[in-house]
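Dear colleague,

Please find below the structure that I am handing over to you. A summary of the findings follows it.

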Amino acid sequence: MDDDAEQQHLTAAPGYALGQLAKAFTTALTHEDAGTRRRAEGRAQRWRAVLAGMAGGRLTIGSRTPVAGLPAWVTPEVVRGGFATGAPSAGGPLQPYEIGLAERFGVPADRRALFAHCLTDTGLTWLWGQLNSGRYEVTVPEEGALLTMAWLVRHGEPAAALDLVAELEPFAGRLRFLPRPSTGRTASDDPDALHRRTVDDTVNRLVRRRPNAAVEAQREALAVWQPFGDELLAHWLETAGGEGGQVLELTPDASWLARGGELLSRYRLLAEEHTRCGKHRSSKGNLGILRGALEETAAGRELDARRLGLLRHAVASMVRRRGLPGSPAHTELRRAQRVQAALPSHHALAQVVLGRLAVLPQESGIADLTPVLAPVSEPEERETGVPIGAQLPPAISRVVEGALSAPVDVLVERGVVPSSEVLAELVPQLVAVTSARAYDDEALRTLMAANYRAFRNRRSLLLLNLERQVRIEELPWVRAVAAQRGDGSAEAALVLRQLGELAVQGFPGTILPNPLVRELGVLARQSGLGAPLVEELAADIFMNAFGPKFLVAAGIAGELLGGSLYERYYGIDYAAIGELAIAEAADGSNRSRTSAGFARLCAERAEAASSAPAAGPKSGASQGSWVAENGKVIEQSQILTTHNLATLVHRVGIAPEPGWAELARRCFVTVCRLTGRVHRNPRPYATIKDAAYAWRQLVFHLSLCRPAEQRRVLGGLDEETGRYPFHVAARLAPALAGLRLVMDGGGFGPDGTAEGGRARRLLGWTTDGHWLASDPTGRSAKGS
């Protein structure tokens with residue numbers, strides 16, 4: 001890459017925003033649900049603001065300061081795709097808490113007036129009280145700014161406080177800088193326990209649950225209509241006589257007709273009261289036939305031959321299927337059905353759980369789930385009518401378990417955190433506590449933890465020209481107390497190692513998502529371990545450039561994997577990469593925003609991989625587009641760096657408890673599961689890409705095993721494919737053959753194949769069709 005290319009300044013085109021506006025507008029006009037239409041109208045309004053800002057020059061999409069007149073530290077309102085709308089997240093109309101504080105302070109309901117009041121003795125006293133109690137919330141980072149100013153004043157740092165006020169003052173009338181008072185849990189409660197949802201979130205989820213119409217209809221059928229049908233059947237059987245026992249062989253007498261009339265009257269009452277199940281109304285169903293014939297007979301009309309035939313057929317079929325009413329088999333069947341119908345509904349059990357949750361703190365998680373998930377108690381039976389001892393069904397238990405408050409490893413073990421993406425949502429809580437512990441003062445520690453959590457809710461911007469997202473240390477109020485931070489490197493290193501191990505062993509075969517990489521990157525910087533962590537780059541906005549840390553990460557991978565199975569399998573020369581890193585460092589390239597040598601190496605490797613024969617269906621225009629070309633280059637960067645695995649092992653020191661051999665086996669399970677989804681999939685390439693990610697982790701983990709252990713694991717992989725449909729083994733056979741070939745000392749040709757195409761290197765991105773998509777049945781999946 002030449003210098004001119006590096007200096008190009010790219011801006012985002014409005015096409016994406018126009019497409020999103022059109023989608024939102026269509027939904028707002030056509031969707032049947034009023035709430036969905038209302039939300040779509042809000043989205044459309046925000047996208048109109050984006051387009052108007054771009055057209056008027058007020059927005060520069062792709063810049064880290066996209067809104068004219070707002071510095072980088074102001075939290076922008078961001079919509080899908082990283083587009084800023086032009087509005088600050090801490091702006092807009094006054095919040096109810098601001099109006100309440102203005103009334104309490106006796107000042108106009110105006111942000112600048114509130115700001116000015118907090119600089120007075122009375123205002124500072126109120127802020128100090130918030131700091132002491134910890135009963136406040138910071139939902140956007142700006143809401144912690146004046147608390148930080150008050151802390152500086154109280155601790156003899158007036159000059160720093162004045163500098164902070166001077167930086168905030170131009171925006172005092174526009175942004176809210178006051179914290180939100182809270183009467184619930186304090187900002188410092190349970191610093192080590194994480195929860196995915198609060199009790200209040202769980203209550204709302206349960207409240208939204210409605211009785212299942214199909215289940216309730218079945219319950220009504222078992223409890224009401226089948227017993228009534230038995231009575232009708234028994235009534236008609238009284239008219240059976242002769243050898244064949246056919247209905248209406250005997251003439252109904254007055255008593256029979258009177259009892260029939262009572263049955264019909266009761267039917268009408270039941271039909272008015274029980275409306276969930278409508279099957280009894282069908283004139284073609286057995287119950288409808290029996291009831292209709294009884295109505296005709298009770299009215300004194302003789303049944304014609306057709307209706308009489310239907311009646312006799314209905315009676316015979318009911319007796320044949322379930323036996324005569326009162327017989328042992330029939331009695332046992334109805335007893336079992338009565339038991340089933342008497343079981344409490346999920347809706348009724350949810351009401352019991354709501355009563356238990358109502359007495360818990362609403363803004364926190366649940367430390368002990370046992371009393372919430374216990375069977376129905378005697379007092380609850382008296383209050384709700386739900387039978388004592390009734391167990392909660394899994395559908396309700398899972399909702400409650402989402403509020404479990406526990407260490408993150410416990411949440412992963414119990415399945416409350418089912419994926420690395422969900423883990424990434426929770427990790428900021430833990431990183432906030434870890435980062436804040438570097439401050440000695442308790443009140444400041446609490447404030448900085450709350451500030452960090454709010455900052456991590458800040459949505460990422462779409463950035464071009466290799467700009468980076470705003471970091472928390474750029475916030476003026478965080479900068480103002482930077483001198484108060486102690487050395488938290490040891491604790492940051494410990495938490496980084498624990499989280500790294502948890503992610504690698506908890507979700508094998510899954511690439512670390514960018515939000516998780518960013519959180520681990522914060523800990524890596526604080527630990528001082530020299531552990532560069534790299535994000536997954538987006539193929540649709542890739543600019544053929546990599547930051548210097550990619551080459552550093554590849555060098556770390558070379559230190560760990562030089563001469564390994566991984567290096568041989570992917571055809572890497574890690575020694576040459578080490579020399580490249582030394583050369584770029586010597587000529588000062590490491591101070592550049594890009595690593596030209598690393599970008600050139602990835603492009604060359606991607607081009608070499610393109611020479612492999614397709615052996616699969618063509619992928620179509622979109623897969624063969626510039627996006628796929630970018631994807632191939634990005635994949636090579638991930639291969640060279642191992643996408644953070646080598647850094648976590650070699651610099652951070654993770655050592656997952658299951659061991660590398662077991663993790664390799666688990667990765668292969670993920671490969672098999674994903675490969676199974678390729679079969680008859682008209683758009684298989686995203687799945688193939690994920691399978692290649694999992695395969696790369698498999699090769700990495702195997703490379704950390706001794707040769708004998710590698711062969712033992714490889715021997716079990718063929719057995720594992722036997723647990724899946726035949727096409728999985730057929731598709732993966734070339735990949736397994738290629739791995740076995742490299743393990744035996746062989747290698748691939750320049751095109752990534754060997755043995756006449758029977759052995760192949762498994763990569764994810766392609767522009768010419770992928771051999772993994774070839775259908776063993778002879779039919780090919782069509783790409784998209």
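**Findings**

Asn644 is buried, at 1% relative accessible area, where buried means under 20%, exposed over 50% and partly exposed in between, with a 1.4 Å probe and protein chains only. Please note that this is a predicted model, in which local features need pLDDT of at least 70 and side-chain atom pairs count only at pLDDT 80 or more, while totals for chains, interfaces and linings use all residues. Residues are numbered from 1 along each chain as its sequence is written, and side-chain values use heavy atoms, with hydrogens and water left out.

Asn644 has a positive phi, near 85°, and is not a glycine. Its place is the loop between H30 and H31; helices (H or I, at least four residues) and strands (E, at least two) are DSSP runs numbered from the N terminus. Thr642 lies in the loop between helix H30 (626-641) and helix H31 (645-652). Thr642 also has a positive phi, of about 60°, although it is not a glycine. Most residues other than glycine have a negative phi. Thr642 counts as buried because its relative accessibility is 3%.

Thr642 also belongs to the lining of a cavity. A cavity is a set of points, on a 1 Å grid over the protein atoms alone, where a 1.4 Å probe fits but cannot get out, and lining residues have an atom within 4 Å of a point. The search of the whole structure finds four cavities of 30 Å³ or more. The second largest cavity holds about 80 Å³ of space; grid points are joined across faces, edges and corners, and the volume is the space filled by probe spheres set on the points. Its lining includes Phe507, Thr510, Ile511, Thr642, His643 and Arg696. Helix H23 (489-506) and helix H33 (685-703) each supply at least two residues of this lining, and H33 gives the most, with three. By class, the lining has seven nonpolar, four polar and one charged residues. Here Ala, Val, Leu, Ile, Met, Phe, Trp, Tyr, Cys and Pro count as nonpolar, Asp, Glu, Lys and Arg as charged, and the others, Gly among them, as polar.

Ser420 touches Phe507, Thr510 and Ile511, among others, not counting residues up to four places away in sequence; contact means heavy atoms within 4.5 Å. Ser420 lies in helix H20 (residues 420-436) and is buried, with a relative accessible area of 2%. Between Ser420 and Tyr724 there are 25 Å in space, C-alpha to C-alpha, and the two are 304 residues apart in sequence.

Elsewhere, strand E1 (residues 76-79) runs antiparallel to strand E2 (residues 83-88), and three bridges join them; two strands pair if DSSP finds at least two bridges between them. Val79 has Phe83 in E2 as its bridge partner. The two strands form a hairpin with three residues between them, and Gly81 in the turn has a positive phi of about 85°.

For the chain as a whole, the secondary structure comes to 35 helices and six strands. Of its 784 residues, 49% count as buried. The C-alpha atoms fill a box of roughly 110 × 85 × 50 Å along the principal axes. Among contacts between residues at least 6 apart in sequence, 74% join residues at least 24 apart.

Yours sincerely

Key: 1 Å grid on protein atoms, 1.4 Å probe; cavity = no way out; pocket = protein on both sides within 12 Å on 5 of 7 lines; lining within 4 Å.
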